[in-house]
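Biologist: Please take a close look at one part of this model, the sheet and the aromatic side chains around it. Which residues are involved, and how are they arranged?

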Amino acid sequence: MVIKVFLASSSGSTAIKKKQQDVVGFLEALKVDYTQLDIACNEENRMWMRQNVPEEKKPANGIPLPPQIFNENGYCGDYETFFDAKEDNMVYAFLGLPPPPGSKEAEQADEAHVVENGTHAEETNAEENPDDSIEVPVEERNGDAHGEEVLAADEEEEGEGGEEEEEEVAEGETADDEATEGETAGDEALAEEDQAVEETDEVTEDTAQAEEEEEQEEEDLQSEEEEELRQLEEQDEQGSEEEEEAEVQEEEETE
């Protein structure tokens, strides 16, 4: 089966060109074999397309516009119906082709087939095997094998429960270790802060002591200066007295 796409290669309509590109591009993306038939350069193609488009699918003026899609001589649809099929993941059904295995359309077709035939299949099986509808206790149908499976399942659950408890214990120990490490780190930080405070106090004390020593030295220097000034004043006074005595003695001698 060959898919035929009727196009107009020299169309002056931008909308028609875009629709044609969308159809061709999507078919190429799906790797669907198709043939392009140009109605602009081939009068025979144009007449064939117009004659094979169903009357109910033609517009009011009776002249269908490209793109128009056919499967051999069977009409598939125009751009609008192709676009709707693409949105519904039904392009292969629109083209009359079987969907490839694994595609979304193939999965949808399988689900629809199950829904349509599932109830009928269940009724047929019930008629062919009426005894299957009678409930039989599990122990009677499976015997000792079922009992062994139950025991094995219980042992597995116990084993899983033990593993979960061990994991919880390990997580609890890890959390305790992390908490202990956090407390140790906090104690170390406090010790460092205390040490820093002590060092600061020592520096403050040393600074205060140095200031006191400087003040004492300044006082001592001031005292020494005052003593020197006092001694100089005394020397000046003593010199003045001596000069006066010498003058008096000279006057006396002169007389």
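**The sheet and its aromatic residues**

Modeller: The charged end of Lys 4 is placed over the ring of Trp 48, 5.0 Å from the ring centre. This is a predicted model, and side-chain atom pairs are counted only at pLDDT 80 or more.

Trp 48 also takes part in ring contacts. With Phe 6 it makes a stacked aromatic pair, the centres 5.4 Å apart and the planes at 15 degrees. Phe 6 belongs to strand S1 (residues 3-7) and Trp 48 to helix H2 (residues 43-52), so the pair ties together parts that are 42 residues apart in sequence. Phe 6 is buried, at 1% relative accessibility, whereas Trp 48 is partly exposed, with a relative accessible area of 25%.

Strand S3 (residues 68-71) is antiparallel to S4, with four bridges between the two. Phe 70 has Tyr 75 in S4 as its bridge partner. S3 and S4 form a hairpin with two residues between the strands, and in this hairpin Glu 72 has a positive phi near 55 degrees. S1 and S3 also run antiparallel and are joined by four bridges. Here Val 5 is the residue opposite Ile 69 in S3.

The side chains of S3 can be sorted by direction. In a regular strand, side chains alternate between the two faces of the sheet. Gln 68 and Phe 70 point one way from S3, Ile 69 and Asn 71 point the other way, and all are buried.

The ring centres of Phe 26 and Phe 82 are 5.9 Å apart and the planes stand at 80 degrees; edge-to-face requires an angle over 60, so the pair is edge-to-face. Phe 26 lies in helix H1 (residues 14-29) and Phe 82 in helix H3, so this pair ties together parts that are 56 residues apart in sequence. Phe 26 is partly exposed, at 24% relative accessibility, while Phe 82 is buried, at 1%. Lys 86 lies over the face of Phe 26, 5.2 Å from the centre of the ring.

The two pairs described here are among seven aromatic pairs in the structure.

As for the chain around this part, it contains six helices and four strands, in the order β-α-β-α-β-β-α-α-α-α from the N terminus. Of its 255 residues, 16% count as buried. Among the contacts with a separation of 6 or more, 56% are between residues 24 or more positions apart. The chain exposes about 19800 Å², of which carbon and sulfur atoms supply 46%.

Notes. Residues are numbered from 1 along each chain as its sequence is written. This is a predicted model: local features need pLDDT of at least 70, side-chain atom pairs count only at pLDDT 80 or more; totals for chains, interfaces and linings use all residues. Side-chain values use heavy atoms; hydrogens and water are left out. Two strands pair if DSSP finds at least two bridges between them. Buried means under 20% relative accessible area, exposed over 50%, partly exposed in between (1.4 Å probe, protein chains only). Contact means heavy atoms within 4.5 Å. Accessible areas come from the Shrake-Rupley method with a 1.4 Å probe; for residues, only the protein chains shown count as cover. Rings of Phe, Tyr and Trp (its six-membered ring) pair if their centres lie within 6.5 Å; planes under 30 degrees apart count as stacked, over 60 as edge-to-face and the rest as tilted. A charge sits over a ring if NZ of Lys or CZ of Arg is within 6 Å of the ring centre and within 35 degrees of the ring normal.
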